[in-house]
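This report describes one protein chain, going from the overall fold to single residues. The sequence and the structure are shown first.

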Amino acid sequence: MIFLGTIVNAVLIIAGTLIGVFFGRFINEKVKNLLFTALGLVTFILGIQMALEFKNIIIIALSVALGAITGEIIDIDCFFTKAVDRLKVVLRVGENGNFTQGFITASLIYCVGSMAIIGSIDSGVRNNHTVLITKSLLDGFMSVILSSTFGFSVALSAVPIIIYQGTITLLASVAENFFTPFIIAQLTSTGGILVAGLGITLIKIREIKILNLTPALVYAIIFSYISVFLKIS
C-alpha cells in the first residue's frame with residue numbers, strides 16, 4: 001500500500017492535536033505566549049537550515065520573486081482566509097483569531113521539507129515508508145505543541161498532508177525519475193524561505209503573507225528543469 005506512510009502521518013497529526021488541546025487547558029497564558037515565541041524561533045531556524053540546501057541560488061531568488069508577484073496578483077492569502085473563515089462558521093469555532101494562522105502554520109511546517117518530498121518519493125518508488133513514518137512521529141510531537149496554542153485547527157493540516165504527500169507518492173510511482181536530487185534540493189531551499197518567513201510572523205517581527213509566496217515552489221520546479229535542460233545548473 002503506497003499511501004501507508006501518508007495515512008500514518010495524518011493520523012498522528014490528529015492524535016497529537018487532540019493531546020495538545022486537552023493538556024493545553026492546563027497551561028496558563030504567559031506560558032503559552034512564551035511557547036508561541038519559542039515555536040517561532042524554532043520555525044525560523046528550521047527554515048534557515050532548509051533554505052541553505054540550495055544548489056543554484058539564482059533559481060531560488062527568481063522563483064521567490066516571481067512567486068511573490070504571482071501570489072499578490074492572485075491574492076492567495078485573501079482567498080484562503082475567506083475560505084477558512086467560512087469553515088470556522090461551519091465548524092462553529094467562533095472568532096478565534098488563531099484558527100487560520102494555526103492551520104497555515106501547521107500545513108507549511110508539515111508539508112514543506114525534504115522529509116515530506118523524499119519520504120513520499122520513497123513510498124511511491126520502493127513502497128518503503130520508513131522516512132514518512134519517522135516524519136509522522138516528529139509531526140505528531142509538533143502537533144502537541146502547536147495545538148496547545150492554536151487549537152483544533154492544527155488537525156485540519158492533515159488534509160493538505162494527504163493531498164500533498166499523496167500526490168507526490170502517486171507521481172513518483174509512475175514517474176520515479178521526475179524528482180531528482182537537484183529538484184528536491186531546490187524545492188527544499190525554496191520551501192525553507194517560506195518556513196523562515198513564517199517564523200518571522202510567529203515571532204511578530206513582521207506580518208508576512210506566506211500563502212502569497214507559495215507559487216515560488218512551482219517556479220522552483222520549472223526553473224530547475226529549465227536549468228538542467230540547458231545544462232546551467
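## Overall fold

The model is predicted. The chain holds 10 helices and 0 strands, and its elements, read from the N terminus, run α-α-α-α-α-α-α-α-α-α. The radius of gyration is 18 Å, close to the 17 Å that the globule rule gives for 233 residues, so the chain is as compact as a globular protein of that length. Along the principal axes, the C-alpha atoms fill a box of roughly 55 × 40 × 30 Å.

Of the 233 residues, 46% are buried. Of the contacts between residues at least 6 apart in sequence, 85% join residues at least 24 apart. The accessible surface comes to about 11,900 Å², and carbon and sulfur atoms account for 73% of this area.

## Salt bridge in helix 7

The count of salt bridges is 1. The partners are K135 and D139, whose closest N and O atoms are 2.6 Å apart. Both residues belong to helix 7 (residues 130-150), where they are 4 residues apart, about one turn of the helix.

Buried means under 20% relative accessible area. K135 has a relative accessible area of 4% and is therefore buried. D139 is also below that cut-off, at 8%, so this residue counts as buried.

## Cysteines

The model has 0 disulfides. C78 is partly exposed, with 31% relative accessibility. C111 has a relative accessible area of 9% and is buried.

## Nonpolar surface patch

M1, F3, L4, I7, V11 and L170 make a nonpolar surface patch of about 540 Å². Helix 1 (residues 4-24) gives the most to this patch, with 3 residues.

Another member of the patch, L170, lies in helix 8 (residues 158-174). L170 is partly exposed at 47% relative accessibility, because partly exposed covers values between the buried limit of 20% and the exposed limit of 50%.

S120 is part of helix 6 (residues 114-126). The relative accessibility of S120 is 0%, so the residue counts as buried.

Leaving aside residues up to four places away in sequence, S120 touches M115, L132, Q165, I168, T169 and A172. One of these contacts, L132, falls within the residue range 130-150 of helix 7. Q165, I168, T169 and A172 are also among the contacts, and their numbers fall within the range 158-174 of helix 8.

Conventions. Residues are numbered from 1 along each chain as its sequence is written. This is a predicted model: local features need pLDDT of at least 70, side-chain atom pairs count only at pLDDT 80 or more; totals for chains, interfaces and linings use all residues. Side-chain values use heavy atoms; hydrogens and water are left out. A salt bridge is a side-chain nitrogen of Lys or Arg within 4 Å of a carboxyl oxygen of Asp or Glu. Helices (H or I, at least four residues) and strands (E, at least two) are DSSP runs, numbered from the N terminus. Buried means under 20% relative accessible area, exposed over 50%, partly exposed in between (1.4 Å probe, protein chains only). A disulfide is a pair of cysteine sulfur atoms within 2.5 Å. Patches are made of residues with over 30% relative accessible area and no salt bridge: like charges are joined within 9 Å, nonpolar side chains (Val, Leu, Ile, Met, Phe, Trp, Tyr) within 5 Å. Accessible areas come from the Shrake-Rupley method with a 1.4 Å probe; for residues, only the protein chains shown count as cover. Contact means heavy atoms within 4.5 Å. The radius of gyration is taken over C-alpha atoms; the globule rule is 2.2 Å times the number of residues to the power 0.38.
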